[in-house]
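Good morning, and thank you for making time for this item. I would ask you to keep the sequence and the model in view while I go through selected features.

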Amino acid sequence: MTRLILASQSPARTKLLTDAGIRHDVLVSDVDEDAVQAKYGVTDAHDTALLLARAKAEAVAALPEAEGALVIGCDSVFEFDGESHGKPYTAEVARERMLRMSGSQGVLHTGHWLVDCRDTAADAEEDASETDTPQGTGATVGAVSSAEVHFARMSTYDIDAYIATGEPLHCAGSFTIDGLGGAFIRKVDGDPHAVVGLSISTLRDLLVHANVGITELWDNDEQ
């Protein structure tokens, strides 16, 4: 049975995988996002999302618990008016952003990075005791799924009420589509799953590089 590990503590991502019937475990990395960005000097929202997704996936892939599994790391960055927006963390930052976003639109970039930690043919040759057919490809691949998000006009009352819930403080761009923030999103041009934080279709495409079909990860006990 192929194991998939989600290298993210996001409840939205694990719920999305669960709702899609995909078996997975969660193993959170200790990646310092600010340090990674400072090291590589990446400021473009698209590239930042991919860089951080890779850093998270590779950090978890290096752990003993990931041996024999596939690891998927994800990170989301919101691009608005040419600026990259991560999590606001404070009510003041969230309010300033949402006042600007009201009635406008931006692009949510979600980076995905897959690492195949299963034994490869070369590993099997080095280990004379290996009797199972090697399954791993050694793949380490990534992709970004982006979607344009159009916001309704929000009153200051709406914004303050939303911020008071605490929901937008820990979300890229200061909003969600799968929670309370969905009330303020008029439409999405692109993969809506990317706005949640993990594109199932992108995951499917990446799994091809590991010679794994997404149906192999379906939790048939839950169907």
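Let me begin with a question: is Arg100 buried, partly exposed or exposed? Arg100 is partly exposed, at a relative accessible area of 29%. On this scale, buried stands for under 20% relative accessible area, exposed for over 50%, and partly exposed for what lies in between, with a 1.4 Å probe and protein chains only.

Some conventions before I continue. This is a predicted model, in which local features need pLDDT of at least 70 and side-chain atom pairs count only at pLDDT 80 or more, while totals for chains, interfaces and linings use all residues. Residues are numbered from 1 along each chain as its sequence is written, and side-chain values use heavy atoms, with hydrogens and water left out.

I turn to the charged pairs. A salt bridge here is a side-chain nitrogen of Lys or Arg within 4 Å of a carboxyl oxygen of Asp or Glu. The structure holds 10 salt bridges.

Arg100 has such a partner in Glu83, with 3.4 Å between the closest N and O atoms. Because Arg100 belongs to helix 4 (residues 91-101) and Glu83 to strand 4 (residues 83-85), this pair ties together parts that are 17 residues apart in sequence. Helices (H or I, at least four residues) and strands (E, at least two) are DSSP runs, numbered from the N terminus. Glu83 is partly exposed too, with 37% relative accessibility. Through shared partners, salt bridges link Asp81, Glu83, Glu96 and Arg100 into one network.

A second pair is Arg3 and Asp25, whose side chains form a salt bridge at 3.9 Å, N to O. Arg3 is in strand 1 (residues 3-6) and Asp25 in strand 2 (residues 25-26), so the bridge ties together parts 22 residues apart in sequence. Both ends are partly exposed: the relative accessible area is 31% for Arg3 and 41% for Asp25.

Glu58 and Arg54 form a salt bridge in which the closest N and O atoms are 2.8 Å apart. These two residues are 4 apart in helix 3 (residues 45-61), a separation of about one helical turn. Glu58 is partly exposed at 35% relative accessibility, and Arg54 is partly exposed at 35%.

What, then, of a charged residue without such a partner? Asp191 is buried yet has no salt bridge, and the nearest side chain of opposite charge, Arg204, is 11 Å away. Asp191 is placed in the loop between strand 7 and helix 7 (192-196). A polar atom of the Asp191 side chain lies 2.8 Å from the backbone nitrogen of His193. The side chains of Asp191 and Ser201 are joined by a polar contact of 3.2 Å. A polar contact is a pair of N or O atoms within 3.5 Å; within protein, one must be able to donate a hydrogen and the other to accept it, and residues adjacent in sequence count only if both atoms are side-chain atoms. Beyond its neighbours within four places in sequence, Asp191 is in contact (heavy atoms within 4.5 Å) with Ser145, Ser146, Ala147, Ser199 and Ser201.

Next, the backbone. Most residues other than glycine have a negative phi. Ser174, which is not a glycine, has a positive phi of about 75°. Ser174 is found in the loop between helix 6 (156-164) and strand 7 (185-190), and is buried at a relative accessible area of 0%. Asn211 also has a positive phi, near 60°. Asn211 lies in the segment after helix 8 (200-207) and counts as exposed, at 61% relative accessibility.

Finally, the interior. A nonpolar core is a set of buried Ala, Val, Leu, Ile, Met, Phe, Trp, Tyr and Cys residues joined through side-chain atoms within 4.5 Å. The largest has 20 residues, and those with the most contacts inside it are Leu4, Ile22, Ile72, Leu114, Leu203 and Leu207. Strand 1, helix 1 (11-19), strand 3 (69-80) and helix 8 each give two or more residues to this core. Helix 8 supplies the largest share, 4 residues. Leu4 touches, among others, Ile22, Ile72, Leu114, Leu203 and Leu217. Apart from this core lies another, of 19 residues, including Leu108, Ala147, Phe184 and Val195.

Thank you; I welcome your comments.

Terms used:
Lys, Arg positive; Asp, Glu negative; His and termini not counted.
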